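Trainee: I have this model open now, so please take me through a few parts of it.

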Amino acid sequence: METPGSQSSLHRANLERVVRAVRLAGSLTQAEIARTTGLSAATVSNIVRELKDGGTVEVTPTSAGGRRARSVSLSGDAGIVIGVDFGHTHLRVAIGNLAHQVLAEESEPLDVDASSAQGFDRAEELVSRLIAATGVDRSKVAGVGLGVPGPIDVESGTLGSTAILPGWGGTKPAEELQGRLGVPVHVDNDANLGALGELVWGSGKGVRDLAYIKVASGVGAGLVIDGKIYRGPGGTAGEIGHITLDESGPVCRCGNRGCLETFTAARYVLPLLQPGHGPDLTMEGVVRLARDGDPGCRRVIADVGRHIGSGVANLCNLLNPSRVVLGGDLAEAGELVLGPIRESVGRYAIPSAARQLSVLPGALGGRAEVLGALALALSEMGDSTLLEGTLSAAAPAFT
């Protein structure tokens, strides 16, 4: 029996520290593990050897700084996680292993007027189909990350009122999906998951403080502070779309006037261009036309960029992030929107904060949220079950 402070409990704690560091990063060299965990190089070397012998990790040759190194990742058959992303017009599901490899991914249209029950039924069907397609044992599912386009109450897990998925307000998405899949489900809003996806796989790699701005049917921000998603006590941190730009502006769905969202979100922007481009115009179409030189679409995108930049300047003054990543269809406009964002940041942000900021397009496109859901599932799972093989093999040493 382990007791606090005993050799066996300290050893187990070190094993868990190494496994957690590798699980969150996907793969690390042994030197990186030592820096991340604070353990000595010799201790890390011994632990990695033990984890490898127990089948918990895989070690492959690599290079770092021009020198030979060993890359450590969790075993490909140690388990799988599932990401589910509900959007305004889509349902996307991905399956990945604990080494951060995406094994399968699929997206299908979603009727926004469908009930939440229908949506979760569709998600259950798509998850089952992808698990079958990968041939992975369903018992290997360690957890599910779920993204929804609305604020989640941290304490109750209830989805707040949302005009993006009508009729879903007041539901408990994690509870609903967990009842269908029978495994732990962790839920967050889509902007937070976009931030997490870009942090782990995309334009946010290597930074500790960033804001992910998603402009679609609504406008939201996922905030990363010191490497962790910041949600606030009520789960509503990052509602950048409701910063007031004009007290006499259009009435927003939140009840206020002149919110950033009323100058940038698709539902407000598209009507400006539809008289000349038809009622079926989408933000994706606006971006495509702007890239092809359409003057009206270029002007609207530039205006949207300047408004977003005003909101980003507020973030800079308050939080001083080192990077802002723009997601959603608008990111495909490249410098047509990024240039005006930087212009507004330079005008309205504190100069020292503006100088330290880089503004980049998201690298993951529409996949950011579902990959963020995978990252959420990876971050929330425990390490004890991963160590069963290693601890069983090492048990004689502690008897």
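Trainee: Which exposed residues does the face of H3 turned away from its buried side carry?

Mentor: That face carries Ala41, Ala42 and Asp53, where exposed means over 50% relative accessible area, buried under 20% and partly exposed in between, with a 1.4 Å probe and protein chains only. Helices (H or I, at least four residues) and strands (E, at least two) are DSSP runs numbered from the N terminus. Keep in mind that this is a predicted model, in which local features need pLDDT of at least 70 and side-chain atom pairs count only at pLDDT 80 or more, while totals for chains, interfaces and linings use all residues. Residues are numbered from 1 along each chain as its sequence is written, and side-chain values use heavy atoms, with hydrogens and water left out.

Trainee: And which residues of H3 are buried?

Mentor: Val44, Ile47, Val48, Glu50 and Leu51 are the buried ones. They lie on the same side of H3 because they cover an arc of only 165° around the axis, the arc being that of the directions from the helix axis to the C-beta atoms.

Trainee: What should the 13 residues of H3 span?

Mentor: At 1.5 Å a residue, H3 (residues 41-53) should span 18 Å, and its end C-alpha atoms are 18 Å apart, which agrees; the expected span is 1.5 Å times one less than the number of residues. Just after H3, glycine 55 takes a positive phi of about 80°.

Trainee: Changing topic, what is the order of the strands in the open sheet?

Mentor: The five strands run S6-S5-S4-S7-S8, with mixed pairing, and two strands pair if DSSP finds at least two bridges between them. S6 (102-109) and S8 (185-189) each have a single partner strand, so one side of each is left without a neighbour in the sheet. From one strand to the next the twist averages 15°.

Trainee: Which helix packs on the sheet, touching S4, S7 and S8?

Mentor: That is H5 (residues 173-181), whose direction makes about 145° with that of S7; contact means heavy atoms within 4.5 Å, and axes are lines fitted to C-alpha atoms, for helices over the stretch in contact, with angles from 0 to 180 degrees between N-to-C directions. Helix H13 (residues 368-380) also packs on the sheet, touching S4, S5 (90-97), S6, S7 and S8, and its direction makes about 135° with that of S4.

Trainee: In which sense do S4 and S7 pair?

Mentor: S4 (residues 80-86) and S7 (residues 141-148) pair in the parallel sense over six bridges, with valine 84 opposite leucine 146 and aspartate 85 opposite glycine 147. S7 and S8 are likewise paired in the parallel sense, over five bridges, and there valine 144 stands opposite valine 185.

Trainee: How many of the residues of S7 are buried?

Mentor: Seven of its eight residues are buried, and in S8 four of five are.
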